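Subject: Structure handover

Hello,

Here is the structure you asked to look through. Please open it beside this email and follow along.

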Amino acid sequence: MKPLLLTISIGCILAAVSCNKQLQQTNPNQQTAQTFWTTAAEALDAGNSVYGSLILDGSYMRFSHVVLNTRGDDATSNSPWNEIYNCGKFALDVNGFAAQAPFTAYYQGVFRANQVIENVPKISMDTALRNRILGQAYFLRGLYFFHLASIYRNVPIPLTVAQSSAGFYVHQSPQDSVYAQAMSDFQTAIPLLPVSYANVTGPDQNQAGRATKGAAMAFLGKTLLFNKQYSQAAQQFLGVINLGIYSLTPNYHDNFTEQDENNQESIFEVQFSRTVGGTADGWGPGDPDPTWGKYEARAVTFGPRNFAYGDVQPTKALYYEFLQEKTANDSTDPRLYATMFYNTNWMTVYGQPFQSVYGAADSEVFCRKYENDGFYPNEFTPAAFQSGINYRMMRYADVLLYYAECLNELGQTSQAYPYIQQVRARAGLADLAVVHPNLTQAQMRDQLAHERFLEFGLEGRRFEDIVRWGWLQDPTKLAWLQARDPEFNTYFPGREYMPIPLAEIQANLGVQQNPGW
Amino acid sequence: MIKLSLIPLLLVFFALCAYAGDSSGQRLLDKKITLKMSDQEIRTVFTELEKQCQARFVYSPELIGASRHVSLDVRDKELYKVLSELLPDDIVYEQVNNYIILSKKAAARSIYPIYVMIPDNSPYAFVKVGGKIIGSSGQPLEGVSVVVKGTSIGTTSDANGEFSLNVPDRQSILVISYIGYEGQEIKVGDQNYLDITLKAVNSTLNDVVVVGYGTVKKADLTGSVGVVNVGNVEKVATYDVARSLQGQVAGISVQGSGEPGSFVNIKIRGISSLNDNNPLFVIDGVPIVNEAPYDFPIDDIESIQVLKDASAGAIYGSRAAAGVIIITTKKGKAGPLKLSYSAYLGAQNMPKKLPLTNRQQYQQITDAAETNAGLPLAAANDPSSPQYISNINTNWQDAAFKTGIIENHNLNFSGGSLNTSYSVSLNYFDNTATVRGGPGEPSYNRYNVNASIQSHQGILAFGGRFTFTQSHKQNITYPHLHPNIGNEIVDLDRAIPTVPVYDSSRQGGFGGTNETTQKAIMLNIIGMNNLMDSYSKRDRFLGNSWLELEPVKNLKYRLNLVYDRTETRDFFFEPQYDLGWYYTNATSYLTDSHGDQSTALMENTLSYKFTAGRHRLELLAGTTYEEDDQQNITGLESGFTSPYYLSFNNGNSTTASITSFEQKATMDSYLGRVNYNYDDRYLITFNGRRDGSSKFSPEHRWGNFGSVAGAWNVSNEKFIHLPDVISFLKLRGGYGTLGNQNFPSYYGYTTYINNNASYLFATGANSSNQYLAPGSIQTQVADPTLKWETKITSDVALDFGFFNNSLLFTAEYFVNTDKDLIAQPPIPISVGATNTPYVNAASIRNSGFEFSVSWKKTMGRFNLSVDANAHTLKNRVLQLGGTNDPIYGNESKTEVGHEVGQIYGYVDQGIFQSTADVQKHAIQPNAAPGDIIFKDVDGNDTINALDQTYLGSAIPKLYYGLNLGLTYASFDLTLFFEGNAGNKIVNGLYQTLMAGQYTNHYIDELNYWTPTHTNTNVPRPIIGDPNGNDGPSNRWVQNGSYVKWQNAELGYTFPAKKLHATHIFSSARVYISGQNLLTFSGYKGYDPDIASDGLFSRGFDYGSFPNPRTYMFGLQVGF
């Protein structure tokens, strides 16, 4: 029986090999979330990540530009890609990319901000640095909620980090509540943020691109303005002006190139670079990896045909409106050339004569703002989708004109003049108080609309204005818009807001489609 | 404790053992001898030795010099030592039963000799018998084994069917056996010449069926096991075993594409998991965890069995939840070296082309689409423009489709001695695509070496099997910035006729569209295939060694060690090129990814069986431990310049980056099985197991599963008298549970920090000088409550045998319920995560009937066989996640109370003929005359997403297969048909070709609506499609039922006599065959046999690569 005993003992030994300890495997690639959130360095890195959601395809890498611009009467699309072509025609597929990508990017930002807000207060670290990190997280969360409210209307407001599948389903809130959350976040951020990082003590010293007190005040003002709370809004804008650190750049075009970034006019801008980071396009919305570059793709998408994809073009309405008023020394408003390429005998496009490229008879216009004209031979060089121009989300010019608008709405029309004139003066336009003195409140509204149209053409501000001013509910205004931009012919009530992506509605029983879709 | 890293070493050790295995006798030769003799003839000494050790020596007198004189004086000395004193060194001795056989070393040492032959000049009075063995049609049978029962004395028949053999006495019984024929036992008695006729086997009931960790006679099965006719499988020209199973077994469905080297979706009894429905492949007892069938040549297969229920599969535990396919490969058989070669060579082409518009038709439709949208005509399509194109009319299908070549060569050596046998085969497979191109043209080739050896000696048996496979798959490739949206078929068909295939003015030399004149975004597939290079190489080693100890009769301990390692390389290169305005690439781009994955498995089992009267009991207990490791490293670099030398040294080093990962999962299981058989009438099987997996959190790590199955052999009951026509009747049924943890995430229950969520800041105000700011954050969510999914199976079946079992019929009904299915249902976007976590998402029930019939008939020289099978399938979702939220796929919806992946969309109610029509209908924003009227399903007077509804089932209600076999004299003919019925397909390819945009069109689009052509169901084409005419609707839902004449083969076997005269060949057969010959279907795509995700979008065909039609010639020869 010896072999039997041997067999049994071998069997027992081998059975014992199967042991429970081997069933505990740890991931060698990544740190678990449970062991994170212990040091100041981790808090800082986590804070930085909240900005990362600003540069995805759905946010300011590309599609937030598409969504914010194509719907206005300053831009139109003849793209062969439906997701761009149909956006300004209010005919988007509710399950399509344009509906989904921005929504996804903003919520990824909210998720990151929530983690910082939830965990950083528990870390023992330098209080001033912690406050700055928290302030930025609140600011960015407010910014993401502002986008969600103004673009998507009624959406969920997740404020905590889901711990298991039970926490995934946050119900929809009305637009007012989403705006209120954004305002609350900006309000929380203001006292936590520095006016500038030039002189702070810590690893973030002298970094530009971080949210400042001025940025939080300006966006709080903007959100208040969108909610028609004019006096509170005015208070914030005046606060920004009184910080005394912002001024307009002498040259208007400096706000839209890669050469003059983070300048004195910039209150908050999204950072892009051709050289920093990986070499693959960091489209998102997947998990970030080290190959992701930090490019923006607006330039190649919006740029002129033959030098870029030409998916978005300025309207002729914008072109003609620039021609309405000559500068004080009787030349064309310089902002026209900063904004678009148009058919004139001296016009060059990326170094080539406009008329030799498009023909002398061609009367099309093409985007030049935020393009690399003058610096590269086209937008496909050295590689498509790889532009480094920062996007100025809030300029000092915004604050001036928003403040002027608040004053007008508060009945202080005459006091609005100097603020508007600062913006006009840079373009070389004559003093408004001389050209159009004593405007009524209603006349001033129209004047402001005109000034804003020209100053911010192709910057994604126009459609926001159209919506908040209620023009789409005003049959006269709507007909006027339709005459200027035929894309408004297919506007349908309710569609001033984007459709909530079908995927969100399908996965979340607590969310219903916005009316009109 | 034994580290698993020792496994490869152990494998090598066992392999060496197997080769060193020598076959000298043990017991008799160890007997102690005491003998004193002087100057005697050696044959006298041997007679004395025989008395002492009660053995008989078998030798040729010449060999030992029988009459020479020797002296001997030994005391308590082992027999073998005595023999070594008596005999020259070159004589070896081998014990066979009670005989000790003396022979020349060269012969005995060889592992080739088969049977022990008693020499004619043996000093003992053996009986010499001869005979001739013929088949039932009178043909002599060569290679039939003739063995004296209870001994190893035997021989094989020659080419004339004749044999001659010395047997010990006239009581000897000859055992005659031959594959494919019924065996016989014949007592020699007083005959000297035997005429033996063997009957071809016409019943498979006595076949031995391989089940988990053991075998069982088919008649004794309790679980649900499908046996595949390997002969039919081998007639399918493919690299993939899974592919060849289509239509062969009731209950199996196979969905696949015709891309060389691609995978298929294979399902046993429907969808049982939301992750991986592919069954477990077990090859020679080795569970193959990684992409099993792909790497093994079909030529090596001896048998295939399909385990369909929990009872049959339980022993494989969690891996068996989707069913088990057990493959046994060909083993060496005792005998001289046998060499065989088989090969086929075939041509493949696309069986169908779609009717697409030509240049003029394309321009007509696209012009109408632009006009309807109020856009100016694209210059290339505008007859009044100087840039109008009228001299190019490319038919992209004609330009791209070509004849592909498929070939396969297989060479096998096998043989063995009494105790050790071996088999070595070499295989080469090569398949080129039916689509034209250069480096990027899809193709697949594979080299394979497969060796097995097994040996047994006394209580010990051991063996090993080693396979090395190298394959190269040229992938269908897309530009890295433009991930493919369907496959290259979609892009090929969308390509417009006004673009030439070749255009020397563009970088790279291939045609493309011009943004200003043509506006279309299209990809020149031929250009892409020529310019880009993407391939996957796999080097796979699969080895297993086993060792079995049988210390007491029928008590066996078995150790099985398996090591399966695949090294992969995925290469992608995209040069600089200009394939038209959207597809230009200014920066060349290279990624090269190297990785490996390995699975190590250790199984210990102890089994015991005993028979007491009418009771037969078999017990099995065991443990298994498995470890899976994966790692991968990927390099990326761009900026290579022409001429391209694709080493990372040559690109722009500032763009270089590397990523890597590794992961590991382990599983630990305890298992047990009891089989009880009473009098071959009542059979019952119990299974139990406990599994632990590292993929779950410690609280949810372990699961317990069990099953019971029983069978009643009615035909063995004495008190039941069945009609004579019924020769066999069995009722069986089973119920059980199995666990499943087959989902790809190894650490799915934990959340992690991603360190790449970086951003950038500038170095102070007024600065464009930016630097990277590191970012770390949790980007994904997880569900820590994740636990085992459980499959509950139940089935009941009747097995019939009619007419002496020449007709077999099985009918079976099953209900499977899958609980807590692990899946990644979409979570709300508002969670903000970049992933969809694995959760226990659903419960699903599958039920259906399965029928199979097998009939064999011999009529004179005709042999006819018919194998037919059919199964039905009904699928129902019982529960979805915690909230029962439906899951949406491509034009499909999965909802409680419905099927998985049911087709879903809007209902087309015709076309608006006038503005008045539009105003009368529910609000449909942007609709105009000529647009589709969508049904207001919810009656709220507005058309929106809520107006989508169910449009049909994507799951066939019936699957069937029919094999017909006919042989006449030396000719054989096989026909195979398969099909399914009752399902719908969403023809996504047709949908994109009917969109009426800038890309090319299906000719049906020519019938578009205009104010003057209103009698049509095709809406107006309009750029932008504001009404969503092209959206998900029943316009694209087509009947997916089909019947395929899948295979026909005609073969001729050369007569043995003629071959024998050549002295080279022992057998030879040639054949011609055709595959995918004819498809009967109303489907408007290329092929209703589509590849899809197989799950939530299982009915969605987005340009699945069509299955080619193949004609080939083959040959099989033995030497």
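First, a term: two residues are in contact when they have heavy atoms within 4.5 Å. This is a predicted model, in which local features need pLDDT of at least 70, side-chain atom pairs count only at pLDDT 80 or more, and totals for chains, interfaces and linings use all residues. Residues are numbered from 1 along each chain as its sequence is written, chains are lettered from A and ligands numbered from 1 in the order in which they are written, and side-chain values use heavy atoms, with hydrogens and water left out.

**The cores**

Start at A:Leu54. Leave aside its neighbours within four places in sequence. Its contacts then include A:Leu140, A:Leu143, A:Tyr144, A:Phe268 and A:Met393. The list also holds a residue of the other letter, B:Tyr759.

A:Leu54 belongs to the largest nonpolar core, which has 152 residues. A nonpolar core is a set of buried Ala, Val, Leu, Ile, Met, Phe, Trp, Tyr and Cys residues joined through side-chain atoms within 4.5 Å. Buried means under 20% relative accessible area, exposed means over 50%, and partly exposed is in between (1.4 Å probe, protein chains only). A:Leu54, A:Val116, A:Phe139 and A:Phe268 have the most contacts inside this core. Its largest share, 15 residues, comes from helix α6 (residues 127-152) of chain A. A second, separate core has 68 residues, including B:Ala400, B:Tyr589, B:Leu951 and B:Tyr1008.

**A kinked helix**

Helices (H or I, at least four residues) and strands (E, at least two) are DSSP runs, numbered from the N terminus. Where is helix α15 of chain A kinked? The kink is centred on A:Ile420 and is about 30°, in a helix that covers residues 413-426. The bend at a residue is the angle between axes fitted to the seven residues ending there and the seven starting there.

A:Ile420 is also one of the buried residues of α15(A), along with A:Tyr417, A:Gln421 and A:Arg424, among others. An α-helix has 3.6 residues a turn, so residues three or four places apart point the same way. The buried residues of α15(A) pack against several elements of chain A, including α12 (334-339), β10 (391-395), α14 (396-409) and α17 (441-455). Just after α15(A), A:Gly428 takes a positive phi of about 85°.

**Salt bridges**

A salt bridge is a side-chain nitrogen of Lys or Arg within 4 Å of a carboxyl oxygen of Asp or Glu. The whole structure has 58 of them over all chains. One joins the side chains of A:Arg335 and A:Glu455 (2.8 Å, N to O). A:Arg335 lies in helix α12 of chain A and A:Glu455 in helix α17, so the pair ties together parts that are 120 residues apart in sequence. A:Arg335 is buried, at 1% relative accessibility. A:Glu455 is buried too, at 0%.

Another salt bridge links A:Glu459 and A:Arg461 (3.9 Å, N to O). A:Glu459 is buried at 1%, and A:Arg461 at 2%.

In chain B, B:Asp799 meets B:Arg732 (2.8 Å, N to O). B:Asp799 is in strand β39 (residues 789-802) and B:Arg732 in strand β36 (residues 726-740), so the pair ties together parts that are 67 residues apart in sequence. Both residues are buried. Back in chain A, salt bridges that share partners form one network, whose members include A:Arg335, A:Arg426, A:Glu455, A:Glu459 and A:Arg461.

**Chain B**

How many helices and strands does chain B have? There are 16 helices and 57 strands. Of its 1119 residues, 58% are buried. Take its contacts between residues at least 6 apart in sequence: 70% join residues at least 24 apart.

B:Gly635 is found in strand β32 (residues 615-638) of chain B. Is B:Gly635 buried or exposed? B:Gly635 is buried, with a relative accessible area of 10%. Not counting residues up to four places away in sequence, B:Gly635 touches B:Leu590, B:Thr591, B:Asp592, B:Phe648, B:Ser657 and B:Ile658.

Best wishes
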